[in-house]
Amino acid sequence: MTRDLKPLLAVPEEFGHGLSSAEAATRLQKEGPNLFPSGRPPSGWQLLAKQLVHVLALMLWVAGSLAILAGMSELGVAIFLVILLNGIFAFLQEHRAERTAEKLRDLLPRRARVRRDGALVEIDAAHLVPGDVVLLETGDRISADLRLFETHSLSIDRSTLTGESVPWNAREGEAVFAGCFVTEGAASGLVLATGKKTRLAEIAALSRESLRPRSPLARELDRVVRIVALIAVGVGTLFLTVAAMVGIRFNEAVVFAIGVTVALVPEGLLPTVTLSLAMGAQRMARSRALVRRLESVETLGSTTFICTDKTGTLTENRMAVIEAWTPAGTARIRGRGYEPRAAIDVAPEAGGALLDLGRASARASTGLVAEEHGHWVARGNPLEAAFDAFARRLGIDPAAENRRQPVRRRFPFDPKRRRMAVVAGHEVFVKGAPEAVFERVRSVPNGASEAVHEMAARGLRVLAVARRPAMESDLSGSVDEVEANLQLLGLAGIEDPPRAGVGESIASCRQAGIRVAMVTGDHSVTARAIASEVGLLRPEALVLEGSQLPSDDAMLGALVDRDGVVISRVSPEDKLRIARALQGRGHVVAMTGDGVNDAPALHTAAIGIAMGESGTDVAREAADLVLLDDNFRTIVSAVVEGRTTFANTRRFLTYHLTSNVAELTPFVLWAISGGRFPLALGVLQILCFDVITDALPALALGAEPPSPRALARRAEGRHLLDWPVLARVFGVLGATESFMSVVAFLVSFWAMGWRWGQAFPTGHAVAVASGAAFAAVILGQVGGAFACRSATVGPGRLGWFSNRLLLVAIAVELLLLLVFLYVGPVARLLGQAPPNHPGVLVALTAIPAMLAVDAVWKHWKTARRGNMREKREGGGSRTTRRLLTHQ
């Protein structure tokens, strides 16, 4: 459906000044905010149903159905009730995580540059109204349907609406639509429609949201679920067959099969993972890092190589022209930031040339400075705003110059040309990288090249400015024709101070085994100076230019795969090749970018990082992580949170599986004995473990705060379930918890007069002993929860009270234990009774037993690692001695 736009095509008389604030407010009240209706989310019932039909839930449905078929309807109904309760819990957790993600996305509002009350201002795109005059630049996302009345080499990516990947060259008088991106050029347009009246909203109403591909973490969880499901089905089927062969009654065999299934299914695993990711994303947001997809939280922790830009990430992005060179002499400007007043040291004979340079550099720039709350700030690109401030410091009024010489044609900055040009009045102005401008001038004055090198060596960013008289053909000619036969006016040296704390963050990366490279479009000498100042450049590190990179990806990877490498004058295509080459060598690459042409590299890298303050909308759409403060330190903080989330996931997975081993053991003993060894735990007791007592400590482990030593070691293994986890679960924690449960069960019988070799008691005696076994498992869970807080450090060193959520979870768990044991109807429902005193004493020893065995395990692992390290170092020393002897 296409609306008739003709009635809206007439540009109002006030378009040059834009709407007044009062008129804009009236139209906003009438039209409503410029918010696009998102795809209709699944209903609550659909989300709940999804939690009831995944693999683990289906296994429990089968178990409940078997119980009913075997005549145990109460057990079957209880299992079904547990499925529903767990489904509701998982639904609530996923709903909370989704709301968290929505709130985090709201932290990054869309912005739009408009003319209001005759001034250029930046507003929230939600406040756009029909009749607003919007200014577009390369990388902007178009936030409303517009009719263009001024264009400068404008290209639009319309793939959001049409699916066409080839950019469209838009001209004056044509309409462009919300959701598209500006890939090149600049333009001004009049808002025709906003919000639900836009073409994008109409198409969205007819479209279905496509399914997002499975994330690496989701695939890893699928792997864990498949392994657990295969083990549960395999063990259940095997022992059901064995039970039938040895003559165990069918009902008892079915109980065994159900028990094995229930014991091995970690019902709370999936919602706990979701909540852990959401909490990690919230912590990152507090550190000024916005995760656009929750799954990216975990991936960040595995980063091994960071390719970072210089400007704004390692530096403050608060630029100021502090030195200017002209053929007539050099000037120094003693001012910082964007304050329009500063002392200037310049020789009298160079004053006229300096004014020409200041006027031309401002005409060739798009940024502005403005006073807000008593402080002068940049509006638009900080680099462009620095030239506006430079002109003001020279006594030039850029607004008056714009009225005197209005822009007739503009060629925005192109990373390939590394220049920008404008035709204003009767002159052509060009600004860009010195070498890119030098190649377009009639002649390079003496001393210009030396001045570039000298300023760059001091860490200044250097740009050259040139001009020539305009010709009528410049309004229709190609950019190469316009940028020709220029006269060099001079050079501007721009200061951008390094950010505080960047050096410490780079040192932390190196300690964590993460390599850092500077990948920048700036001059190699400037890049070297800044890299050296922040501690990134090492004595043996390489400093390369994009033109020096080999064409072969394998050679490229071998060349740049080192810590502290500096690569300057790179193009977006170079960044893409670097990301691919490093990933081909097994690295998990985090790549920063802010321009529209950086999007492919951000897509390709394992973690694409966009700038929230200075980045383009295109880059932010392509990124996994958005730095709200553009700060390198925030990347390091995000890596810490990623490692913490991965470690927390392994923590509660270890905790879940430890309990599952203890739950499975009674059924294994019962099957091995041919049914003569009584079941220490029943199916309902196991369900009680998994759904109630297991869940709260697991959630608390998912909220474990970051360790101060998170960056003191290399990233952990990339599988959630690997041999170290399995060894700890089955050989240490799970075995200890199972042993204490069985011992409490047998000691309870012993206290009631039973002796080894006699037939086991029946009736109430079994219920009493089962209560002791039940208590031993829950108290073992308490010890296991503290033990699982770290894979290497004891809870005493972590601080017994440092995870308050875990303390609350354990307090609730102990209170529930008293309810399950001593509230008669609840205890009878679970098939148990209050344990006798010897059984209670044994159950209480489960806590110190779990902690003691875990401490021995961690001590052994630490000693083993130390011995291996000594052998490696010793071997290296012996080799060195042999080499010296031979010499």
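Predicted model: local features only at pLDDT ≥ 70, side-chain atom pairs only at ≥ 80, totals over all residues.
Eight strands form an open sheet with mixed pairing, arranged in the order 8-25-24-23-9-20-22-21. Strand 8 (289-291) and strand 21 (543-545) lie at the edges, each pairing on one side only. From one strand to the next, the twist averages 20°. Strand 24 (residues 607-611) and strand 25 (residues 625-627) run parallel and are joined by three bridges. Within this pairing, alanine 610 has valine 626 of strand 25 as its bridge partner. Helix 20 (residues 572-584) packs on the sheet, where it touches strand 9 (305-308), strand 20 (515-519), strand 22 (566-568) and strand 23 (589-593). The direction of helix 20 makes about 170° with that of strand 23.

The sheet belongs to a chain with 32 helices and 25 strands. Of the 887 residues in the chain, 54% are buried. The accessible surface comes to about 39300 Å², and carbon and sulfur atoms account for 57% of that area. Contacts across the sequence are well represented: among those between residues at least 6 apart in sequence, 72% join residues at least 24 apart.

Ten of its 13 residues are buried, so strand 4 is largely enclosed by the rest of the structure. Its pairing with strand 7 (residues 181-193) is antiparallel and extends over ten bridges, with aspartate 157 standing opposite phenylalanine 181 of strand 7. Strand 6 (residues 175-176) also pairs with strand 4 in the antiparallel sense, over two bridges; here leucine 146 has valine 176 as its bridge partner. Two bridges likewise link strand 4 to strand 5 (residues 168-169), again in the antiparallel sense, and isoleucine 156 stands opposite tryptophan 168 in strand 5.

Aromatic rings provide another view of the fold. A pair of aromatic rings is described by the distance of the centres and the angle of the planes. The chain holds eleven aromatic pairs. In one of them, phenylalanine 677 and phenylalanine 745 have ring centres 6.0 Å apart and planes at 40°, so this pair is tilted. The two residues are 68 residues apart and link distant parts of the chain: phenylalanine 677 sits in the loop between helix 23 (632-672) and helix 24 (683-693), while phenylalanine 745 is in helix 26 (residues 723-751). Phenylalanine 677 has a relative accessible area of 12% and is buried; phenylalanine 745, at 0% relative accessibility, counts as buried too. The rings of tryptophan 754 and phenylalanine 760 have centres 4.8 Å apart and planes at 15°, so they are stacked. Both of these residues, tryptophan 754 and phenylalanine 760, are buried.

Finally, a word on confidence. The pLDDT averages 82 over the chain, and 84% of the residues score at least 70. Residues 1-14 stay under 50, and the model has 21 contacts for them beyond four places in sequence. The pLDDT is also below 50 over residues 206-213, a stretch with one contact in the model beyond near neighbours in sequence.

Note on methods
Residues numbered from 1 in each chain as written. Heavy atoms only, no water. Pairing = 2+ DSSP bridges. Helix = DSSP H or I, 4+ residues; strand = E, 2+ residues; numbered from the N terminus. Axes fitted to C-alpha atoms, helices over the stretch in contact; angles between N-to-C directions. Contact = heavy atoms within 4.5 Å. Buried < 20%, exposed > 50% of the residue type's maximum accessible area, 1.4 Å probe, protein only. Areas by Shrake-Rupley, 256 points an atom, 1.4 Å probe, with all protein chains shown as cover. pLDDT = per-residue confidence, 0-100. Phe/Tyr/Trp six-rings, centres within 6.5 Å; stacked < 30°, edge-to-face > 60°.
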